[in-house]
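Let's take a walk through this structure together, one contact at a time. Have a look at the sequence and the 3D view first, then read on.

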Amino acid sequence: TLPSSPNQLKLIDATSIDCEITSQVSSKSDLPHYMLRKIMLLDCSSRKLPNLDTPVVACSKVEPGLLSSFLDEEEEDDSIHPMDIFLYLFLISTPIFRQTIVNQLAKCQLSLPLITHVSDKGEVTLNCFAFETLILNRYVCGNDTRCFSVFEEPLPIVSFIRVGECVHSQKSEILNRTLNVRHEYFSHRNCPGSTHKRFLLNGTVEVAWYLPKYKKSVNINHHFVMLNLRGDATLYSKQTSFIGEISTIVFVFVPLSKLTREMSFQLEEYHSKFKSKVKI
């Protein structure tokens with residue numbers, strides 16, 4: 001049984017999941033176990049959820065609680081955003097196990113939760129400790145690589161935020177296609193098993209490192225850090241201010257067909273506050 005309170009899930013719990021992990025699961029309460037097992041196996045598709053259509057024997061349980069409320073089996077809609085499942089696993093993990101999760105996902109070149117936001121009071125958490133042991137490889141010349149700590153390597157920070165609701169174009173999906181059509185750094189609503197509904201994801205700032213090998217076939221031949229704020233930036237002033245302070249450049253996605261006066265004022269404020277960093 002997975003817990004529902006923070007700082008309880010340990011590495012030994014993740015390695016002792018005794019249910020059979022298949023390509024299909026029978027209920028929403030199976031999904032965290034399914035994803036956790038995939039993460040531990042370094043499966044790059046760990047955040048792509050399977051269909052719940054084909055019933056199999058359910059063997060997983062999740063304790064009821066605030067963090068796990070979106071896994072309620074009584075809800076008719078089985079669609080769940082993959083990042084809600086992941087954030088649930090991340091938040092219930094002990095600080096040490098969070099480091100393990102971060103290292104596993106970094107090896108798969110998937111985005112990681114730098115800032116989490118799960119409180120109605122507007123409280124946010126900067127998850128620095130989870131990244132303390134993270135070591136990445138970077139191409140420096142030809143096929144030569146160099147290992148570096150993410151806290152010690154100065155790289156440009158390119159951030160992405162959204163103002164308003166973009167119905168037809170998904171920011172995270174656009175980023176994936178722009179950076180690498182064969183790999184998805186960020187989960188989005190059009191991922192297998194995903195949905196537009198979010199329970200834990202909004203307000204989260206994800207981080208990923210773009211470290212391609214220098215070659216002509218790559219869309220962008222520069223190394224940089226990516227920050228991606230989930231949800232409408234106007235609702236998360238703390239996260240937006242943090243991004244504006246540390247970023248080299250901030251790209252703002254705006255639905256021009258639904259641009260309001262309030263949104264225009266907000267864009268002007270970003271320009272004034274972050275100066276030349278902002279690109280719309």
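This predicted model contains 6 salt bridges. One of them brings together the side chains of Glu-153 and Arg-138, with 2.5 Å from N to O. Find both residues in the chain: Glu-153 sits in the loop between strands S4 (144-149) and S5 (157-162), while Arg-138 belongs to strand S3 (residues 135-141), 15 residues apart. Are these two partners buried or exposed? Buried means under 20% relative accessible area, so Glu-153, at 16%, counts as buried. Arg-138 has a relative accessible area of 17%, so Arg-138 is buried too.

Glu-153 also forms a salt bridge with Arg-146, at 2.8 Å from N to O. Arg-146 is partly exposed, with a relative accessible area of 35%.

Now turn to another salt bridge, where the side chains of Arg-230 and Glu-206 meet at 2.3 Å, N to O. Because Arg-230 lies in strand S7 (residues 224-232) and Glu-206 in strand S6, this pair ties together parts that are 24 residues apart in sequence. Arg-230 is buried at 1% relative accessibility, and Glu-206 is buried at 0%. Back at Glu-153, shared partners join Arg-138, Arg-146 and Glu-153 into one network of salt bridges.

Why is S1 largely enclosed by the rest of the structure? In S1 (residues 112-116), 5 of the 5 residues are buried, so the strand is largely enclosed.

Conventions. Residues numbered from 1 in each chain as written. Predicted model: local features only at pLDDT ≥ 70, side-chain atom pairs only at ≥ 80, totals over all residues. Heavy atoms only, no water. Buried < 20%, exposed > 50% of the residue type's maximum accessible area, 1.4 Å probe, protein only. Helix = DSSP H or I, 4+ residues; strand = E, 2+ residues; numbered from the N terminus. Salt bridge = Lys/Arg side-chain N within 4 Å of Asp/Glu carboxyl O.
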